[in-house]
Amino acid sequence: MEGKVEGGDVLVVGGGVVGVCVAYYLARAGRRVRLVERGEVCSGCSHGNAGLLVPSHSVPLAAPGVVAKSLKWMFNPASPFYIKPRLDWELLSWLWRFNRACNRRQVQRAMPLIRDLSMASLRLYDELAADGTEFGLEHKGVLMLYKTEAGLREQVADGKAMGEFGIEARELSLSEISELSPNLTVDALGGVYYPQDGHVTPMQLVPEIARRAQEMGVEVHTHTEVLAFERSGARISRVVTTRGDFTPEEVVLTAGSWSGVLARELGLRLPIQGGKGYSITFKRPLEAPSLPIVCGEAKIGVTPMIDALRFAGTLELAGLDLTISRQRVAAVLSGVPLYLPDLKPEEMELVEIWRGLRPCTPDGLPFLGRARHIDNLTVAAGHAMIGVSLGPITGKLVAEVVSGEKPSIDLDLLKVDRYA
């Protein structure tokens, strides 16, 4: 094929938050890096997410009780969790594995790891900000609001469980909530506050890290879609794209919900389902909350950003379908005022209605590490709703793996071939 691209010893496939962090930390480690992205950098999930940095979300998506809750919601198109009805063997297999992973033993194994990854990532975000990277980093915590006794009791119990793993949680009365966010009316019974959490402005974060990586020599190729991988024995010898062929020494797959599709080319099974999420972004109003708030029962996050206010929520297993459901958008818009009556969408200036596919694995843990049967492939995918939260530490760990160093965090639970 014409257009062969020479040079660069590591090729990163995917330009979301994980991909740009991988490229950045590889460049810091002295590697020559190229990054290819099928659209623009930060055009997928990394653009429209809630921007939360959440050690408080150390419970994996697959947890006891989740299946029972999901059964109540899954066929209601306006619910927080929805499965688009379809005959799909990959989906059925994923759901079977998800059900098996929803047990206490799995959670007890996964929580310390997710906590360690989250806390390490927070420290790396502080380092990035200290170096002059501006992306709206704030350490104000996250407040979970609840309108029902059952919801509040469940979150208080979750908070106590978090405390056993070193994650601070404080139950707050309505008056204490008013002190925390005095400029906003709250309609709730109470809440739980996680002071160690933080937030960023993701649509500024990802391009800024990409810019920093480019300053260190990383070449970014946008609108460059991977079509095929060619192998020579146990190595990838060529990566065929819409903008020419690449011949890297190492390949890192960070393609989010599309990682499983690309991995099939290499005989690698990565069961990843695209969990469609929605966000609605407004120009930041004068009466915006001072910290991120999660409307508990509705599963909707409200995040103040540099110059915006974002409502984000819902999880829809719909394959790689990117169509927008107006019903689900309406559910997000109508859900927020039930908790925060001052935030009236019809009175705010709309910036964007967005949807994207979070890459969800059956056990709620990402794939991170070397592929067993391909010597020069490293995978970093499947971060579900905490990709932004874990972006920097994922980048650092990949750089360690590619450089042949012992990872600074044990990656045993994140093995790439655990569903082989």
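**Figure 1. R31 in the loop between α1 and β2.** In this predicted model, R31 is placed in the loop that runs between α1 (17-28) and β2 (33-36). With a relative accessibility of 22%, R31 counts as partly exposed, because the buried class is kept for values under 20%. The side chain of R31 is joined to the side chain of D9 by a polar contact of 3.0 Å. When neighbours within four places in sequence are left aside, the residues in contact with R31 are D9, V10, L26, E250, V402 and S403. R31 and V218 are 187 residues apart in sequence, yet their C-alpha atoms are 9.0 Å apart in space.

**Figure 2. The largest nonpolar core and a second, separate one.** In soluble globular proteins, nonpolar side chains tend to be buried together. The largest nonpolar core of this model comprises 70 residues, and V12, L26, Y125 and L205 are those with the most contacts inside it. Helix α5 (residues 104-130) gives the most to this core, contributing 11 residues.

Figure 3. H199 belongs to strand β8 (residues 198-199), and at 1% relative accessibility it counts as buried. A polar atom of the H199 side chain lies 3.0 Å from the backbone oxygen of P304. P304 is also one of the residues that H199 touches when those up to four places away in sequence are not counted, and the others are G51, L52, L53, G136, L137, E138, P292 and T303.

Figure 4. Side chains of opposite charge can pair when their charged atoms come close. The structure holds 20 salt bridges, and one of them is formed by the side chains of R211 and E215, with 2.3 Å from N to O. Because R211 and E215 are 4 residues apart in helix α8 (residues 202-215), about one helical turn separates them. R211 counts as partly exposed at 33% relative accessibility, whereas E215, at 54%, counts as exposed.

Figure 5. Another salt bridge, of 3.1 Å from N to O, brings together the side chains of D417 and R372. D417 lies in the segment after α11 (387-402) and R372 in the loop between β19 (367-370) and β20 (377-381), so this pair ties together parts that are 45 residues apart in sequence. D417 counts as buried at 19% relative accessibility, while R372 is exposed, with a relative accessible area of 64%. Elsewhere, a network of salt bridges links K276, E316, D321 and R328.

Figure 6. I324, L350 and I353 make a nonpolar surface patch of about 250 Å². I353 has its place in strand β18 (residues 350-360), and its relative accessibility of 39% makes it count as partly exposed.

**Figure 7. Two loop residues with positive phi.** Most residues other than glycine have a negative phi. K299, however, has a phi near 60°, a positive value in a residue other than glycine, and is found in the loop between β15 (293-295) and β16 (300-304). A384 also has a positive phi, near 50°, and is likewise a residue other than glycine; its place is in the loop between β20 and α11. K299 is partly exposed, with a relative accessible area of 38%, whereas A384 is buried, with a relative accessible area of 13%.

Technical notes:
Residues are numbered from 1 along each chain as its sequence is written. This is a predicted model: local features need pLDDT of at least 70, side-chain atom pairs count only at pLDDT 80 or more; totals for chains, interfaces and linings use all residues. Side-chain values use heavy atoms; hydrogens and water are left out. Patches are made of residues with over 30% relative accessible area and no salt bridge: like charges are joined within 9 Å, nonpolar side chains (Val, Leu, Ile, Met, Phe, Trp, Tyr) within 5 Å. Accessible areas come from the Shrake-Rupley method with a 1.4 Å probe; for residues, only the protein chains shown count as cover. A salt bridge is a side-chain nitrogen of Lys or Arg within 4 Å of a carboxyl oxygen of Asp or Glu. Buried means under 20% relative accessible area, exposed over 50%, partly exposed in between (1.4 Å probe, protein chains only). A nonpolar core is a set of buried Ala, Val, Leu, Ile, Met, Phe, Trp, Tyr and Cys residues joined through side-chain atoms within 4.5 Å. A polar contact is a pair of N or O atoms within 3.5 Å; within protein, one must be able to donate a hydrogen and the other to accept it, and residues adjacent in sequence count only if both atoms are side-chain atoms. Contact means heavy atoms within 4.5 Å.
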